[in-house]
Amino acid sequence: MKKNILIIIPTLSGGGAEKVAANLSKVLSKKYNLYLIIFQNEITYDYSGKIINLGLMGKNNFFSKLSVFLKRIIKLKKIKKKYNIDLSISFLDSGNIVNIISKYKDKTILSIRNFKSKENNGVYSKIYAFMIKKLFNKANKIVSISDLAKEALINNFNIKRDKVITIYNPYDLDDIDNKQKEKIENEYKKIFEKPTIITAGRLHYQKAHWSLIKSFYIAKKDIKNLQLVILGKGDLEKDLKKLCKDLNLENSVHFLGYQINPYKYIKNADIFVLSSLYEGFPNALVEAMSCGKPVISTDCPSGPREILAPDTDIFKKSKNIEYAKYGILIPELINKMSFDPDDINEKEIIMANAIKKLITDKSLSEKYSKLGKERVKDFEIFKISQKWIDLIDKELTDYSNFVPNHI
C-alpha cells in the first residue's frame with residue numbers, strides 16, 4: 001500500500017524553495033500518495049499531487065500573525081489526521097514550525113533552505129532562532145541545503161549532528177534545456193547583441209545588487225558597450241534604479257522584472273554573476289550553468305563554494321579572484337547596503353576585474369561553459385530525488401511501529 005506523504009510550503013510561486021518543492025513533487029507523486037499544503041493560493045510552478053490550500057495568508061501586525069500561526073497549526077493537524085499522513089516534509093521557516101507543532105502520528109522532515117547565522121536581527125528573527133533551538137531536535141530529520149549550512153545548524157543552534165543530513169537542490173535539466181530554447185521578445189534582442197552580464201534574484205538586501213551595479217560601472221569603463229540585465233522584482237527596485245541614474249547607467253542596466261522563464265534570457269547573455277551576501281544553495285547559479293553560461297559568484301555562505309569548488313574545504317574563503325574548478329569565486333562582499341555612487345569598495349573592484357576577465361578571455365569562458373554543464377548533472381532531479389526517497393523510506397521503515405509523543 002502506498003504511503004501518504006505531505007509537502008508543506010507557503011506557496012508554489014516565485015522562490016527557490018517553492019521551485020524545489022514543486023520539482024520534488026513530480027517524482028515523489030509517482031511512488032507515494034502525495035498531498036501539498038499551501039498557505040495561500042499562489043501557484044506558478046508545475047507540480048504533481050493533490051493541493052490543499054489552507055487559505056491563511058500572513059498578516060502584518062504581531063497579534064494577527066499569531067492568530068494565523070495558531071490557525072495553521074490547528075488546520076494542519078486536522079489534515080494530517082484526516083488523510084492519515086505517514087510523513088510530512090516542510091519548507092521555509094513558517095512551514096517548518098507549524099509542521100513540528102502540528103505533529104500527529106506522522107514523521108516530520110524539515111528542509112532548511114538558507115544559511116542560519118547565530119546573529120539575528122529583529123524581533124521575528126530572534127523568535128525564530130529561539131524556536132529552532134527549542135523545537136527542531138524534535139523533528140525526525142532535518143535536511144540541510146548545503147554542508148556549510150548543516151555545520152551552522154549544529155554549531156549555532158545546538159542541533160544534534162545525527163539529525164541533520166545534506167541533500168542538494170534538484171533541477172529538472174530537461175525542462176531548463178527546453179525553456180532556454182524559447183525566443184526572447186523583440187524589444188530585448190538588441191540588448192543581447194552586445195556583451196551582456198545577467199543576474200537573477202529578488203531585488204532584496206540578500207542579493208546585493210547595488211554592489212553588482214557598481215562593479216558593472218567599473219567594468220564598463222574598459223568595455224564600453226557592456227550591458228547588465230537584472231531579472232527579478234523586489235522592494236529595492238526604486239533605489240537600484242536611482243543608483244543607475246546617478247552613475248549614468250540608465251541605458252545600460254536593464255530591469256526585466258520577474259520572468260516565469262528566465263532561462264531564455266540567461267542563454268542569450270555572455271556571463272552570469274551572483275553577488276549575494278548569503279545563500280542556502282543558489283538555484284540561479286546552477287540554472288545558469290545548465291544554460292551553458294560561465295559564472296562568477298561571491299564566496300558567500302553557503303552553496304557557491306560547494307557548487308564551484310567541491311573539492312575544497314567548505315570553510316575556505318576567497319581572498320581575491322579564485323579560478324575554481326567550475327567557475328570563478330570572489331570574496332564575500334561588504335554587508336552594508338549603500339546606494340552612494342561614490343562609495344565603491346575594494347570587494348566591488350575585485351568583482352569588476354573578474355567580470356572583465358571572463359568577458360574578454362574567450363578560452364576561459366568556453367572552458368567554464370563546458371565544465372559547468374558537466375557539473376550540473378550532479379544535481380539532476382531524479383538523482384537528487386532518489387536521495388529524498390531513500391531518506392523517506394528509511395524513516396518510515398525505522399519508525400513504522402513507533403508513535404511519537406505529541407509536542
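**Starting from the core**

The largest nonpolar core holds 66 residues, and those with the most contacts inside it are Leu28, Ile89, Phe272, Leu308 and Ile392. A nonpolar core here is a set of buried Ala, Val, Leu, Ile, Met, Phe, Trp, Tyr and Cys residues joined through side-chain atoms within 4.5 Å. Buried means under 20% relative accessible area, exposed means over 50%, and partly exposed is in between, with a 1.4 Å probe and protein chains only.

A word on provenance: this is a predicted model, where local features need pLDDT of at least 70 and side-chain atom pairs count only at pLDDT 80 or more, while totals for chains, interfaces and linings use all residues. Residues are numbered from 1 along each chain as its sequence is written, and side-chain values use heavy atoms, with hydrogens and water left out.

Click on Phe272 and look around. Leaving aside neighbours within four places in sequence, Phe272 is in contact (heavy atoms within 4.5 Å) with Ile198, Thr199, Ala200, Ala284, Leu285, Ala288, Lys293, Pro294, Val295 and Ile296. There's also a second, separate core of 35 residues, with Ala208, Leu247, Val253 and Leu358 among them.

Now zoom out. The protein chain has 15 helices and 14 strands; these are DSSP runs numbered from the N terminus, with helices being H or I of at least four residues and strands E of at least two. Its radius of gyration is 22 Å, close to the 22 Å that the globule rule gives for 407 residues, so the chain is as compact as a globular protein of that length. That radius is taken over C-alpha atoms, and the rule is 2.2 Å times the number of residues to the power 0.38. Along the principal axes, the C-alpha atoms fill a box of roughly 65 × 40 × 40 Å. Of the 407 residues, 57% are buried. Among contacts with a separation of 6 or more, 68% are between residues 24 or more positions apart.

On to the aromatics. Rings of Phe, Tyr and Trp (its six-membered ring) pair if their centres lie within 6.5 Å; planes under 30 degrees apart count as stacked, over 60 as edge-to-face and the rest as tilted. By this rule there are nine aromatic pairs. Take Tyr168 and Phe281: their ring centres are 4.8 Å apart and their planes are at 20°, so the pair is stacked. Tyr168 lies in the loop between β7 (164–166) and α6 (173–180) and Phe281 in the loop between β11 (271–274) and α11 (283–290), so this pair ties together parts that are 113 residues apart in sequence. Phe281 counts as buried, at 3% relative accessibility. Trp210 is buried at 1% relative accessible area, whereas Phe339 is partly exposed at 23%. Ring pairs also link Tyr168, Tyr171, Phe281 and Phe379 into a cluster.

Next, a helix and what follows. Nine of the eleven residues of helix α5 (residues 147–157) are buried, so this helix is largely enclosed by the rest of the structure. After α5 comes Asn158, which lies in the loop between α5 and β7 and is exposed, with a relative accessible area of 56%.

Asn158 is also worth a look for its backbone. Most residues other than glycine have a negative phi, and most peptide bonds are trans. Asn158 has a positive phi of about 60° although it is not a glycine. Leu92 is another non-glycine with a positive value, near 70°; it sits in helix α3 (residues 92–101) and is partly exposed, with a relative accessible area of 25%. As for peptide bonds, the one from Pro301 to Ser302 is cis, with omega near -10°, and Ser302 is in the loop between β12 (295–298) and α12 (304–308).
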